[in-house]
Structures are given as C-alpha cells and as structure tokens.
Amino acid sequence: GGSLRPGCSEQTAAVTAASSAGEKEYLCHATGQQPNVDGDLGDPCWAQAEASPGFFPIGPYAAAEPFRMQVRFLCDGENLYVALDAVSRPGGVPRAQEVRLRDGPVFGDDSVELFLRTTPTATAMYQLVLNCDNAIYDSHDVPDAATVDNPGPKWNPEWQHATKKRS
C-alpha cells in the first residue's frame, strides 16, 4: 500500500525544512544528471543543489553532542535525491549498536530520519531512516486508515541508499 513518486517535472520544486533557525523554504532543483548513490557527495550535480539550513539533533544526547548537518535535494521526473552531510562531534565516531535487518531498531544508532509528505497538507507520511552503517527502516503511516489498512513498517519500497564514513 502506498506509492511515493516524489519526482519533479518543472525546473524546481519548493521544499520546506525545519531547522534550528525555524522553517525555511528553499528550492529543490531539477537535475538532468542522476547522482551516483555511493555515499560520496562529489558528483557535479550536487553543486547546483542549495544547502539547507543547519539541522539540529534530537534525542537524549542532542544537547551534549553538537554537530553540523546539512541536506541537499535534487529531483528529476521520477526520483527525489537526498544528500546529507553530517559531521560528528569532535573526536566522535558514528556508530551503530549492532548489525541491523531492514526495519530493525535503527533509532538508537547514529542515524538520520527523513519524513516526507506528498503535499504540505497531507496527513499520510513516509518515513525513511538510514543509520551510519547503511541499515534502513521505512514506514508509510496513514493516520485516517484502519489499523489493518495502515502499511506502517510493512511498506518496503525500493530505494537506493549509501553511507560513507570519513575522518
């Protein structure tokens, strides 16, 4: 149940991001070049993508472990591309508690969660989570659906993902 086809067909699409500076709308640029999904953000197409405002960490260690994180979005007629550059706290090493299976408890790991809606007023939400060791969790929550019809974590779309740790 549920299909997420977030491609953009025009020159740009607006994206609203919540950050430490509040919500800010910025442009998700259309690209004619698909980036390689390899964890390396050196593809030339990423240079045309506007950097987001600085995001802030959430969770029990958020205040004690400051770091910088920026996200960039590109799109084409079929796909949404997300590049995230996260710098750990000084001396910190991104870590996962253990090897995870798909839809395992990646939330306790160093991970990033992306919540997507198809329109600003949509109540249904898509959740994509990627931990630092490339384990994923994905879910499609439809609040108005009966429990039996709500896909939740049973929604397993095909999506490409990669992480790269660097020192």
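Guide: Start with strands, which are runs of at least two residues marked E by DSSP, numbered from the N terminus. The model is predicted. With that numbering, Asn 134 has its place in the loop between β6 and β7.

Visitor: How many helices and strands are there?

Guide: The protein has zero helices and seven strands. Along the sequence, the pattern reads β-β-β-β-β-β-β.

Visitor: What makes β5 and β6 a pair?

Guide: Two strands pair if at least two bridges are found between them. Six bridges join β5 to β6, so the two count as paired. They run antiparallel, and in this pairing Phe 115 stands opposite Gln 127 in β6.

Visitor: How do you know that β6 and β7 pair as well?

Guide: By the same test: strand β6, residues 125-131, and β7 share six bridges in the antiparallel sense, and the definition asks for at least two. Therefore they are a pair. Opposite His 140 in β7 stands Tyr 126, while Met 125 stands opposite Asp 141 in β7.

Visitor: In what order do the strands lie in the sheet?

Guide: Three strands make up an open sheet, in the order β5-β6-β7, with antiparallel pairing. Its edge strands are β5 (111-116) and β7 (136-141), each of which pairs on one side only. From one strand to the next, the twist averages 10°.

Visitor: What lies between β6 and β7 in their hairpin?

Guide: Four residues lie between them. Asn 134, in the turn, has a positive phi of about 75°.

Visitor: Why is Asn 134 called partly exposed?

Guide: Buried means under 20% relative accessible area, exposed means over 50%, and partly exposed is in between. Asn 134 has 27%, so it falls in between. Asp 103, at 22%, is partly exposed too.

Visitor: What makes Val 99 exposed?

Guide: Its relative accessible area is 80%, and the cut-off for exposed is over 50%, so Val 99 qualifies. Val 99 lies in the loop between β4 and β5. Its C-alpha atom is separated by 8.0 Å from that of Asp 133, 34 residues apart along the chain.

Visitor: Where do Tyr 126 and Trp 155 sit in the chain?

Guide: Tyr 126 is in strand β6 and Trp 155 in the segment after β7, 29 residues apart.

Visitor: Are these residues buried or exposed?

Guide: Tyr 126, at 5% relative accessible area, is buried, and Trp 155 is buried at 7%. Six of the seven residues of β6 are buried, so this strand is largely enclosed by the rest of the structure.

Visitor: How do you know that Asp 138 and Arg 102 form a salt bridge?

Guide: The definition asks for a side-chain nitrogen of Lys or Arg within 4 Å of a carboxyl oxygen of Asp or Glu. The closest N and O atoms of Asp 138 and Arg 102 are 2.5 Å apart, so the pair meets it. In the whole structure, one salt bridge is found.

Visitor: What share of the protein's residues counts as buried?

Guide: Of its 167 residues, 30% count as buried. The protein exposes about 10,400 Å², of which carbon and sulfur atoms supply 51%.

Technical notes. Residues are numbered from 1 along each chain as its sequence is written. This is a predicted model: local features need pLDDT of at least 70, side-chain atom pairs count only at pLDDT 80 or more; totals for chains, interfaces and linings use all residues. Side-chain values use heavy atoms; hydrogens and water are left out. Axes are lines fitted to C-alpha atoms, for helices over the stretch in contact, and angles run from 0 to 180 degrees between N-to-C directions. Buried means under 20% relative accessible area, exposed over 50%, partly exposed in between (1.4 Å probe, protein chains only). Accessible areas come from the Shrake-Rupley method with a 1.4 Å probe; for residues, only the protein chains shown count as cover.
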